Amino acid sequence: MKVLPCFDAPISQAEFAQLIGVSEARVSQLLSENVLTRGETAHEWLLAYCDRLRDQAAGRAGLGGADLVLERALLTRSQREAQDLKNAVARGEYAPIGALADVLGMASSAVVDRMDQVEGQMRKACPDLPEEVRAIVLRVLADARNEWIRSTSRLLTDAVDALAQSDIDADAQPMSDIGEEELA
């Protein structure tokens with residue numbers, strides 16, 4: 001390729017800035033980013049600058065090609081997850097785990113309170129009920145109440161653990177698992 005004589009010599013930052021229509025500070029920044037190399041000709045600087053512009057236009061400059069693709073894929077996935085969450089809330093299929101825990105706790109408390117009232121109600125309704133029968137009924141209710149508390153506690157713990165594990169699994173998703181639509 002034949003180079004014009006005026007471009008075949010080293011050029012100053014000020015001259016190059018005037019040539020391409022940017023500030024001298026921007027040319028200095030291009031030098032510090034190793035886009036331009038001190039001592040090269042005006043032709044070499046112009047080619048390097050044009051390469052940088054092409055890379056920026058193609059989305060390859062800044063983060064680097066692979067990093068930019070990954071960032072875009074992660075952003076797309078995050079946006080999709082946020083929209084999925086909004087849709088689940090709108091359909092009534094999702095509620096924050098804290099709210100569910102509070103509701104479950106209140107429901108459990110209400111059941112336990114009712115079960116605790118059975119002894120007094122039995123004494124009023126069946127004053128002639130033999131004590132050994134009343135003890136058996138109260139023991140069965142106490143066992144049921146304790147199992148209810150254990151089961152709801154276990155369900156809640158399992159749900160929180162599953163949620164935490166799904167977050168860990170989602171964070172550890174390999175790049176190959178990200179769909180092609182996310183890479184577009």
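Q: In this predicted model, is Phe 16 buried or exposed?
A: Buried means under 20% relative accessible area. Phe 16 has a relative accessible area of 0%, so this residue is buried.

Q: How many aromatic pairs does the structure hold, and what is the geometry of the one between Phe 16 and Trp 45?
A: There are two aromatic pairs in the structure. In the pair of Phe 16 and Trp 45, the ring centres are 5.3 Å apart and the planes stand at 80 degrees. Planes over 60 degrees apart count as edge-to-face, so that is what this pair is: edge-to-face.

Q: What kind of pair do Phe 16 and Tyr 49 make?
A: Their ring centres lie 6.1 Å apart. With the planes at 90 degrees, the pair is therefore edge-to-face.

Q: Which residues form one aromatic cluster?
A: Phe 16 pairs with Trp 45 and also with Tyr 49. Trp 45 counts as buried at 3% relative accessibility, and Tyr 49 counts as buried at 13%. The one cluster is made of Phe 16, Trp 45 and Tyr 49.

Q: Where does helix H5 bend?
A: H5 covers residues 97–125 and reaches 41 Å from its first C-alpha to its last, close to the 42 Å expected. Even so, H5 has a bend of about 35 degrees, located at Glu 119.

Notes
Residues are numbered from 1 along each chain as its sequence is written. This is a predicted model: local features need pLDDT of at least 70, side-chain atom pairs count only at pLDDT 80 or more; totals for chains, interfaces and linings use all residues. Side-chain values use heavy atoms; hydrogens and water are left out. Helices (H or I, at least four residues) and strands (E, at least two) are DSSP runs, numbered from the N terminus. The expected span of a helix is 1.5 Å times one less than its number of residues. The bend at a residue is the angle between axes fitted to the seven residues ending there and the seven starting there. Rings of Phe, Tyr and Trp (its six-membered ring) pair if their centres lie within 6.5 Å; planes under 30 degrees apart count as stacked, over 60 as edge-to-face and the rest as tilted. Buried means under 20% relative accessible area, exposed over 50%, partly exposed in between (1.4 Å probe, protein chains only).
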